[in-house]
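Subject: Structure for you to look at

Hello,

Here is the structure I promised to pass on. Please open it alongside this email, and read the notes below with it on screen.

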Amino acid sequence: MEKENFTISVYTENNIGLLNRISAIFLKRHINLDSMTASQSEIKDVFRFTIAVKVTEEQVKKIVGQIEKQIEVIKAFYHKEEDIIYQETALFKVASKLLFEERQIQNVIKNSNANIVTVTPEFFVIEKTGRRREVQALYHKLEPYGLMQFVRSGRIAVTKEKMNISEILESFTEEAV
Amino acid sequence: METQTQTIEKKITVETKRMTGAEAVIRCLLAEGVDLIYGYPGGAIMPVYDELYKFRDQLHHVLTRHEQGATHAAQGYARTSGKVGVAIATSGPGATNFVTGIADAQIDSTPMVCITGQVGSHLLGSDAFQETDIIGISTPITKWNHQVTKAEDIPAVLAKAFYIAKSGRPGPVLVDITKDAQFGELDFAYEKCKGVRSYKPVPDTDPKSIDAASKLINEAKKPMIVFGQGVILGEAEEELKNFVEKSGIPSAWTILGLSALPTAHPLNVGMVGMHGNYGPNKLTNECDLLLAIGMRFDDRVTGNLETYAKQAKIIHFEIDPAEVDKNVKADVAVMGNVKNTLSQILPLVQSRSHNAWLQKFKEYDVIEYDKVIKEELYPSKDGLSMGEVLRGINEETRGNAIIVSDVGQHQMIACRYAQFTTSKSNVTSGGLGTMGFALPAAIGAKMGAPQREVVAIIGDGGYQMTIQELGTIFQTRVPVKIVVLNNDFLGMVRQWQQLFFDKRYASTEMVNPNFVTIAKGYHIEARRVTEREHLQDAIAEMIASTEPYFLEVCVEKENNVFPMIPTGASVSDIRLA
């Protein structure tokens with residue numbers, strides 16, 4: 001089976017040790033994460049991890065099974081690229097003098113739908129949100145001019161299909177009573 | 001007799017609900033029906049020990065000689081009683097010494113609650129004396145763990161701990177309590193946990209899967225069952241027996257499934273796996289339907305997965321969704337507790353007998369008996385065999401004993417040859433293969449089933465890994481029977497060295513002490529047997545004793561355990577020599 005890019009969504013209780021528990025599942029199988037993001041979800045007190053990983057579908061199924069087995073995990077899903085809307089954000093810190101010395105750089109910024117978020121006499125910061133290849137394309141265009149700093153966030157994603165987390169939570173609560 | 005102070009203290013604690021976290025720990029345990037715990041005191045858990053002293057008439061604490069021993073004893077207790085085992089220790093080294101037992105309980109699905117003390121919460125993260133991140137350390141080997149830093153959280157966390165440990169697929173849980181939470185005060189009220197929002201212990205059974213499974217069962221011409229510990233954990237022994245008898249399907253077991261069905265049952269065809277029986281291993285690759293009941297297709301069971309039961313349809317009766325399709329793809333997965341799913345399927349299966357098919361197992365039995373079993377049970381050589389010791393124990397106990405085995409050759413011999421009439425009788429470290437498990441586990445096993453005979457079968461290697469627990473036996477006088485099968489080798493490793501490493505016996509030969517003298521040092525009656533003529537008499541003396549008893553049997557040094565499926569080979573490539 002071929003390795004593919006998968007995005008795993010994990011809905012969890014807000015628990016201090018859960019990050020460790022989830023990352024241990026990958027560690028145990030010697031699988032490197034492309035990225036991991038944790039944030040609040042659409043439901044109060046429910047957290048959402050978004051994990052990007054390149055594995056086979058068989059592997060991702062088993063990983064999701066192991067993640068879901070953790071007590072404080074409400075539900076875990078895996079998605080293929082076509083099932084989700086996803087974005088990453090990158091920040092580029094560039095020397096301000098380049099803006100004036102290298103006129104081409106302004107076109108690069110304009111054409112890539114990037115934003116300039118701050119400008120100081122010494123440096124300016126460009127923000128680019130998009131798919132990995134778009135961010136990467138801008139990186140390659142800016143790199144020859146010299147980057148003072150570059151950072152890219154983990155992937156965040158929403159699915160095209162419904163997740164039904166509220167219903168899942170309700171079904172747990174009903175059974176518990 | 002109760003002293004006056006004890007009586008007064010009792011009154012006070014019943015009347016007031018304001019109490020320390022340490023007292024709340026004890027009250028939680030009592031509310032969960034715990035009357036026995038295993039542990040070892042130390043700085044960060046002293047407030048709880050102080051309460052244990054006050055409650056000593058209600059909650060019995062067994063002082064093991066090492067924290068690892070406390071976990072294995074709790075495991076042994078859980079395995080024979082069906083209740084949750086409880087172990088308690090201090091922070092730092094006390095907690096890290098729990099690790100092996102917790103990992104063992106996790107992989108063997110044993111319900112256990114471990115309580116560890118922790119440094120005061122203001123010291124967390126400061127590398128304080130005896131501080132260790134036991135939550136971080138135990139995360140991958142616990143079903144759940146939690147650190148308590150406030151006294152008021154203790155009741156709810158412990159209630160949740162017991163619920164999680166016992167429900168669904170059981171497992172170990174660790175609760176780490178900071179010292180300030182033990183000293184702190186709370187208004188105590190205990191409510192048992194009835195559910196956790198994000199946790200579904202038993203998955204729903206899809207009625208379609210029951211129908212699909214029964215159809216496959218009724219159509220099958222050469223069906224075979226492999227049952228595991230799920231039957232015992234689900235208390236489904238009766239349901240299994242009814243199902244086996246009605247369907248007439250030959251039934252084999254995994255090492256942890258052993259004793260769920262009496263070994264003498266006519267449809268019990270023996271053990272699968274690396275050192276299992278010839279017939280069930282060979283016929284795994286001939287059956288047309290394999291019913292996996294409460295087992296997880298461990299690699300020691302399946303051998304090479306590429307050639308495992310490829311010709312067969314697979315029905316997997318399983319409580320843990322993560323186990324389905326993990327190692328072996330199931331054609332039908334029947335989710336749920338096997339107690340329920342087996343009773344649901346029973347009326348749908350036809351009453352059958354598969355005599356011709358069963359006969360195939362018997363034919364392989366004859367081959368295995370001639371090539372392996374006969375010599376193991378009735379050796380022609382002068383040297384004693386491990387098998388004949390087991391035969392002797394079977395004769396004296398009539399298959400009614402609990403056998404606790406360690407890890408290695410003697411374990412395989414014990415599981416292959418011990419006879420069992422009753423469930424929850426085989427206690428061994430299956431998944432983790434923890435040498436040193438048996439001696440402390442036997443202590444717990446006996447305390448979990450005090451009316452039953454408990455015989456620990458241990459090798460000379462594993463025995464010395466937890467030999468200090470003789471002190472626990474001495475102090476508690478728990479009447480366990482200890483049999484050390486001594487071949488002066490780490491026998492299983494030596495066997496592999498012989499077979500796969502051209503007899504290069506690297507560090508497997510043991511220069512052993514006088515085990516009888518050591519046992520006697522602990523005032524345990526002890527005997528050593530080197531010759532066949534004294535063996536049965538010694539076993540009889542041991543079983544007749546109402547006290548702890550130590551029996552060392554010096555067995556043939558370089559015997560091998562057969563049959564054997566070499567690592568990575570197919571189950572049908574099982575070797576008889």
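First, a term: helices (H or I, at least four residues) and strands (E, at least two) are DSSP runs, numbered from the N terminus. This is a predicted model, in which local features need pLDDT of at least 70, side-chain atom pairs count only at pLDDT 80 or more, and totals for chains, interfaces and linings use all residues. Residues are numbered from 1 along each chain as its sequence is written, while chains are lettered from A and ligands numbered from 1 in the order in which they are written.

One residue in chain B

Start with Ala103(B). It is found in helix α6 (residues 99-107) of chain B.

Leaving aside residues up to four places away in sequence, Ala103(B) touches Ile141(B) and Leu432(B). Contact here means that the C-beta atoms of two residues, placed from the backbone, lie within 7 Å. Gln464(B) is 361 residues from Ala103(B) along the chain, and their C-alpha atoms are separated by 20 Å.

Strands in chain B

Strand β12 (residues 289-293) of chain B pairs with strand β13 (residues 313-318) of chain B in the parallel sense, over five bridges. Pairing requires that DSSP finds at least two bridges between two strands. Leu291(B) stands opposite Ile315(B) in β13(B). β13(B) also runs parallel to strand β14 (residues 332-335) of chain B, joined by four bridges. There, Phe317(B) stands opposite Val334(B) in β14(B).

Where the chains meet

19 residues of chain B are in contact with 19 residues of chain A. On the chain B side, the elements that give two or more residues are α7 (134-138) and β6 (144-148) of chain B. By class, that side of chain B has eight nonpolar, five polar and six charged residues. Nonpolar covers Ala, Val, Leu, Ile, Met, Phe, Trp, Tyr, Cys and Pro; charged covers Asp, Glu, Lys and Arg; the others, Gly among them, are polar.

Chain A as a whole

Chain A has six helices and nine strands. Its radius of gyration is 20 Å, well over the 16 Å that the globule rule gives for 177 residues, so chain A is more spread out than a compact globule. That radius is taken over C-alpha atoms, and the rule is 2.2 Å times the number of residues to the power 0.38. Along the principal axes, the C-alpha atoms of chain A fill a box of roughly 70 × 40 × 30 Å. Of its 177 residues, 25% count as buried.

Strands in chain A

Look at strand β5 (residues 84-95) of chain A. It pairs in the antiparallel sense with strand β7 (residues 123-130) of chain A over eight bridges. Glu88(A) has Gly130(A) as its bridge partner in β7(A). Four antiparallel bridges join β5(A) to strand β8 (residues 149-152) of chain A, where Leu91(A) has Val151(A) as its partner.

Confidence

Chain A averages a pLDDT of 92, and 97% of the residues score at least 70. pLDDT is the predictor's confidence in each residue, from 0 to 100. Among the elements of chain A, helix α6 (residues 165-176) of chain A has the lowest mean pLDDT (73).

Best wishes

Terms used: A residue is buried if 20 or more other C-beta atoms lie within 10 Å of its own, exposed if 12 or fewer, and partly exposed in between; C-beta atoms are placed from the backbone.
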